[in-house]
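Have the viewer open while you read.

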Amino acid sequence: MKRYALIFLLVLMAFPTGLHARSPKVGFGFEWGISPQFFKFHKFNYISDEGYRVNGNNRSVDYNFNAFLEANVNFNLGKHLLLGLYSGYCGITRDSRVVPLSLRFTFFPKGPDQDCFLYFADAGAGFHLHQSDTPDQSPCFIAKLGAGYRYILGGRTSLDLLINIQGCTDTPLLKDYDTGGYVKDVRFNSAAYFALSFSAALNF
């Protein structure tokens with residue numbers, strides 16, 4: 001019995017050590033860039049203050065210049081893969097700003113500690129920043145698919161130059177054509193925006 005108790009105690013002592021040895025490396029960084037919007041789709045249906053129904057179904061090439069700034073914490077999941085948690089400040093449209101919160105998987109063919117190309121997929125939600133006189137909005141969905149190149153600057157410091165296609169689905173605020181006020185009786189409201197983003201990231 002004493003032998004089994006000793007073995008059990010040694011296993012308990014060794015388990016945290018082994019877990020710590022396999023724990024991923026943790027880093028952080030900052031990313032900033034521009035995301036010019038080039039296409040918009042918006043479909044809506046509401047009852048106006050005058051009592052009649054208004055329908056809209058718009059598809060258009062719509063240029064809109066946006067910018068963003070995000071901080072991230074990333075975890076090394078292996079020799080070639082990083083998982084990052086991103087948040088910051090981001091423009092979606094001319095009148096919409098959000099605080100994004102997303103997860104990003106980044107693949108490095110040569111590893112994150114080497115000069116090399118990288119490929120990533122990012123998805124999450126954006127929480128609207130609104131004025132006191134505007135209605136609350138549901139969070140939007142944001143997804144990115146992109147690539148770039150990592151330059152090692154020394155030690156754990158690196159610079160990433162990135163490009164990606166960004167898609168966003170949202171429920172933008174609707175204004176009544178007659179009164180100019182925000183619509184209250186919304187039956188359907190869905191929009192999608194697409195942008196081509198260029199950014200730089202500094203990692204530590």
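This is a predicted model: local features need pLDDT of at least 70, side-chain atom pairs count only at pLDDT 80 or more; totals for chains, interfaces and linings use all residues.

D160 and R150 form a salt bridge, with their closest N and O atoms 2.7 Å apart. This pair links distant parts of the chain: D160 sits in strand 9 (residues 157–170) and R150 in strand 8 (residues 140–154), ten residues apart.

By the rule used here, the salt bridge count comes to four.

R104 lies in strand 6 (residues 96–107) and counts as buried, at 2% relative accessibility.

Take the E31 side to begin with. E31 forms a salt bridge with R104, and the closest N and O atoms are 3.0 Å apart. That pair links distant parts of the chain, with E31 in strand 1 and R104 in strand 6, 73 residues apart. Both E31 and R104 are buried. The two side chains also show up as a polar contact, listed at 3.0 Å.

Now the D122 side. R104 forms a salt bridge with D122, where the closest N and O atoms are 2.9 Å apart. R104 is in strand 6 and D122 in strand 7 (residues 116–129), so this pair ties together parts that are 18 residues apart in sequence. D122 is buried as well, with a relative accessible area of 4%. If you leave aside neighbours within four places in sequence, the contacts of R104 include E31, E70, Y86, F120, D122 and K144.

C90 counts as buried, at 4% relative accessibility.

C140 counts as buried, at 2% relative accessibility.

## N45 in strand 2

N45 lies in strand 2 (residues 37–47). Is N45 buried or exposed? It counts as buried, at 14% relative accessibility, because the cut-off for buried is under 20%.

The N45 side chain makes a polar contact with the side chain of R53, at 2.8 Å. Not counting residues up to four places away in sequence, N45 touches R53, V54 and N55, along with V186, R187 and F188.

## The nonpolar patch

Which residues make the nonpolar surface patch of about 900 Å²? They are V26, F28, F30, W32, L69, V73, F75, L77, F105 and F204. Strand 1 (26–34) and strand 4 (67–76) each supply at least two residues of the patch, and the largest share, four residues, comes from strand 1.

F28 has its place in strand 1 and is partly exposed, with a relative accessible area of 42%. W32 is found in strand 1 and also counts as partly exposed, at 42% relative accessibility. The C-alpha atoms of W32 and A201 are separated by 6.5 Å, although these residues are 169 apart along the chain. Beyond residues up to four places away in sequence, W32 touches F68, L69, S199, A200 and L202.

## Zooming out

The protein chain's secondary structure comes to one helix and ten strands. Read along the sequence, the pattern is α-β-β-β-β-β-β-β-β-β-β. Of contacts with a separation of 6 or more, 61% come from residues 24 or more positions apart.

Buried residues make up 37% of the 204 residues in the chain. The accessible surface comes to about 12300 Å², and 65% of it belongs to carbon and sulfur atoms.

Technical notes:
Residues are numbered from 1 along each chain as its sequence is written. Side-chain values use heavy atoms; hydrogens and water are left out. Patches are made of residues with over 30% relative accessible area and no salt bridge: like charges are joined within 9 Å, nonpolar side chains (Val, Leu, Ile, Met, Phe, Trp, Tyr) within 5 Å. Accessible areas come from the Shrake-Rupley method with a 1.4 Å probe; for residues, only the protein chains shown count as cover. A salt bridge is a side-chain nitrogen of Lys or Arg within 4 Å of a carboxyl oxygen of Asp or Glu. Buried means under 20% relative accessible area, exposed over 50%, partly exposed in between (1.4 Å probe, protein chains only). A polar contact is a pair of N or O atoms within 3.5 Å; within protein, one must be able to donate a hydrogen and the other to accept it, and residues adjacent in sequence count only if both atoms are side-chain atoms. Contact means heavy atoms within 4.5 Å.
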